[in-house]
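Here is my note on the two chains you sent over. Keep the viewer open and follow the points in order.

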Amino acid sequence: MKLKGSQILLKMLEEEKVDIIFGYPGGSVLDIYDQLYKSKIKHILVRHEQGAVHAADGYARATGKVGVCLVTSGPGATNTVTGIATANMDSIPIVVFTGQVPTGLIGNDAFQESDITGITRPCTKHNFLVRSVEELASTIKEAFHIARSGRPGPVLVDLPKNVMAAETEYDPATIKIRNYDVFHKSAPKKMAQVLEMLSHAKKPLIMTGGGVILGKAAAELTAIARKYQIPVTGTLMGLGSFPGTDPLWLGMLGMHGTFYANMAVSHCDFLLAVGVRFDDRVTGTIETFATNAQIVQIDIDPSSINRNVVVELPIIGETKATLKDLIKFLAEHNYTPSSSERKEWMQQIADWREKVPLTYCQNEKIIKPQYVIETLHKITKGDIIVTTEVGQNQMWTAQFFHFDKPNSFISSGGLGTMGYGLPAAIGVKCAFPDKQVVDIAGDGSIQMNIQELATAAQYNIAVKIVLLNNGFLGMVRQWQELFYEKRYSFTDMTYAPDFVKLAEAYGIVGLRATKPQEVESTLRQGLSIDKPVLMDFQVSREECVYPMVRPGESISEMELGTREMIN
Amino acid sequence: MEKKEHIISILVYNKPDVLARIAGTLGGKGYNIESLCVNTTTQYEISKIVMTSIGNQTTISRIESQLQRLVDVISVDDLTNVESVHREMILVRLNLAEDKKEQIKKAVDVNHWKVIVSNDNYVILEITGDKAQIDLALARLEPLGIVDITRTGLVALELKS
């Protein structure tokens with residue numbers, strides 16, 4: 001059967017079971033959009049290409065499937081770069097299709113031409129420029145395979161206009177892709193070493209990361225922790241991979257980790273690190289990180305091993321398969337921890353927890369941002385999917401919303417992309433229309449992709465925005481307060497729109513709370529409306545995120561705040 | 001840890017931008033490529049890249065695993081610690097000025113250098129050898145007056161596979 005390139009693209013998307021595309025049309029992709037007009041695949045028209053990529057990324061994080069977006073050449077393509085870099089840092093499987101000028105014009109500085117494969121080479125897992133219609137089908141198949149296999153990541157496919165118009169024979173049964181190497185090794189010898197180390201450990205700790213969620217290994221990790229009573233801490237990306245309401249859960253570690261998680265990691269004598277890459281925000285100074293511990297690191301990507309922290313025992317493999325092997329091995333060898341030693345270790349952690357709990361100063365007059373998040377958790381029982389923007393809103397969410405399930409905390413961890421939360425929430429809500437999806441936002445971040453309110457309004461994608469409005473770029477202000485003697489250089493964002501009126505102008509619902517007594521009722525009202533809702537919480541302006549490890553210090557040295565009311 | 005030159009042999013798919021990916025990956029992570037040699041193998045769709053980079057074992061291991069992540073990379077081998085032969089080549093032009101002519105002819109004979117172009121005005125020599133041999137040749141060529149020179153990157157082959 002002879003088909004046009006644009007038809008083959010749509011056929012291949014159906015083959016890949018793509019049900020939704022986030023996109024924005026333009027000159028170079030008119031042929032594709034003409035095919036989409038007749039297609040069953042749903043298309044969400046965003047208001048900026050960055051929003052399309054974040055939406056596809058949010059969809060991917062919530063479902064574990066590959067997210068897809070489609071944009072035009074030139075500026076359409078370059079507008080995707082921040083979204084692609086965001087997905088790349090957090091290993092999120094997405095495929096980005098970009099239009100390109102006809103092959104004969106490439107290199108001519110043609111209208112709306114950009115060398116997008118060159119631009120995105122360092123921030124994609126892989127990318128392709130499709131030079132002829134004959135290689136189109138196999139390239140698309142390969143793109144999806146690469147995006148989802150091994151350590152996942154974004155793949156960009158650049159589609160010249162003439163390739164979309166050209167015709168060729170299409171037969172999905174004959175499409176072959178080349179083999180590419182993914183690590184699947186099982187390592188029985190190493191299991192014996194883990195057992196050996198674990199048997200000698202008096203203060204074991206598990207550290208869970210994004211690789212556990214991406215590798216769908218949360219159940220296995222939870223089983224090991226519970227069976228052998230090993231406490232668990234996690235990175236930002238690992239939130240939800242172990243139940244946040246379990247007594248073994250110590251909360252997040254690192255720069256804004258809990259006191260007890262950071263103390264536990266600094267004092268543990270055995271650390272099982274699964275699907276983590278020891279980012280600098282997690283470790284503090286490398287020289288003082290977990291110095292008392294023998295570290296076992298399980299990761300699918302060899303380049304994550306010994307990159308920042310040198311470990312005693314690296315195990316390269318899929319997190320799920322490796323943890324399954326470990327569960328089996330430990331059971332077969334009747335590993336039983338000494339209950340008295342374990343009791344002592346748990347008591348030590350309980351003491352730390354009692355000494356410096358995760359808390360904040362309640363206030364009768366002014367809304368505390370942490371209180372909003374706690375209340376949201378209380379009234380939803382945590383059974384919602386949360387996206388965040390980046391900054392204080394993100395850290396308070398990580399601290400005060402206790403995520404019990406994987407894929408329920410959707411946040412830009414590695415790149416820290418402001419403007420991520422709203423479009424990501426739209427992507428999540430498209431995947432799970434019956435689920436409550438809430439973007440916990442700051443007033444700085446939300447304005448970076450505020451235009452996506454129109455997308456939510458157009459399709460009635462009923463995302464809920466919990467805006468923690470402090471009129472500051474809060475996290476930067478916090479650093480200025482602590483490290484720059486309160487010289488608030490260009491972080492005051494008081495000049496902002498009236499967010500309630502803005503919501504109404506976009507045709508969605510706007511609500512406002514100015515007193516603590518209004519928080520719960522506002523949340524309840526907002527969550528009950530089956531439309532997009534923006535809830536503007538006027539929170540205390542100069543609240544800081546504590547604990548905080550000063551940059552370049554050991555994570556056992558934390559600023560705990562004055563624990564006094566600031567406002 | 002001791003820093004030294006490592007010879008890394010990489011098999012890749014012969015794709016238009018594979019070299020850009022490799023150079024970009026290393027450059028972007030702050031690793032330096034000292035020398036480079038690329039060509040297709042007996043199979044046109046597969047190329048071999050031999051590059052050298054200076055670093056300690058940890059740095060080189062990181063380079064290897066970064067390269068291994070690339071989809072177009074088939075295999076990465078560090079030839080430094082296996083038995084292998086190494087060669088570089090230089091092409092060098094020497095002007096046959098009256099006062100140097102005899103000296104140059106004598107040096108060519110003594111050193112068994114290969115003359116590939118010779119006319120009244122200049123000679124072009126082709127010299128191959130391992131790094132030490134090339135460096136020695138350069139030291140001997142220096143007083144003869146080098147007008148122009150091209151030096152290849154290092155190529156290497158392990159003794160047994």
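1. Start with one residue. Gln35(A) touches Ser6(A), Gln7(A) and Leu10(A), leaving aside residues up to four places away in sequence. A contact here means heavy atoms within 4.5 Å. Gln35(A) sits in helix 2 of chain A, residues 30-36. Is Gln35(A) buried or exposed? Gln35(A) counts as buried because its relative accessibility is 12%. The cut-offs are these: buried is under 20% relative accessible area, exposed is over 50%, and partly exposed is in between, using a 1.4 Å probe and protein chains only.

2. A word on the ground rules. This is a predicted model, where local features need pLDDT of at least 70 and side-chain atom pairs count only at pLDDT 80 or more, while totals for chains, interfaces and linings use all residues. Residues are numbered from 1 along each chain as its sequence is written, chains are lettered from A and ligands numbered from 1 in the order in which they are written, and side-chain values use heavy atoms, with hydrogens and water left out.

3. Now chain A as a whole. Chain A holds 23 helices and 20 strands. Both are DSSP runs numbered from the N terminus: helices are H or I with at least four residues, strands are E with at least two. The C-alpha atoms of chain A fill a box of roughly 75 × 60 × 40 Å along the principal axes. Of its 567 residues, 59% count as buried.

4. Why call the size of chain A consistent with a compact globule? With 567 residues, such a globule would have a radius of gyration near 24 Å, and chain A has 24 Å, so the two agree. The radius is taken over C-alpha atoms, and the globule rule is 2.2 Å times the number of residues to the power 0.38.

5. Look at strand 5 of chain A, residues 94-100. In this strand, 7 of 7 residues are buried. Ile94(A), Val96(A), Thr98(A) and Gln100(A) point one way, while Val95(A), Phe97(A) and Gly99(A) point the other way.

6. What pairs with strand 5 of chain A? Strand 4 of chain A (residues 67-71) runs parallel to strand 5, joined by 5 bridges. Strands count as paired if DSSP finds at least two bridges between them. Val68(A) stands opposite Val95(A). Strand 7 of chain A (residues 154-160) also pairs with strand 5 in the parallel sense, over 7 bridges. There, Thr98(A) stands opposite Asp158(A).

7. Move on to strand 13 of chain A, residues 294-299. Here 5 of 6 residues are buried. Strand 12 of chain A (residues 270-274) is parallel to strand 13 and joined to it by 5 bridges. Leu271(A) stands opposite Ile295(A). Strand 14 of chain A (residues 313-316) pairs with strand 13 in the parallel sense over 4 bridges. Ile298(A) has Ile315(A) as its bridge partner in strand 14 of chain A.

8. Finish with chain B. Chain B has 4 helices and 9 strands. Along the sequence, they follow the pattern β-α-β-β-α-β-β-α-β-β-α-β-β. The C-alpha trace of chain B spans about 55 × 40 × 35 Å along its principal axes. Of the 161 residues in chain B, 37% are buried. Among contacts in chain B between residues at least 6 apart in sequence, 73% join residues at least 24 apart.
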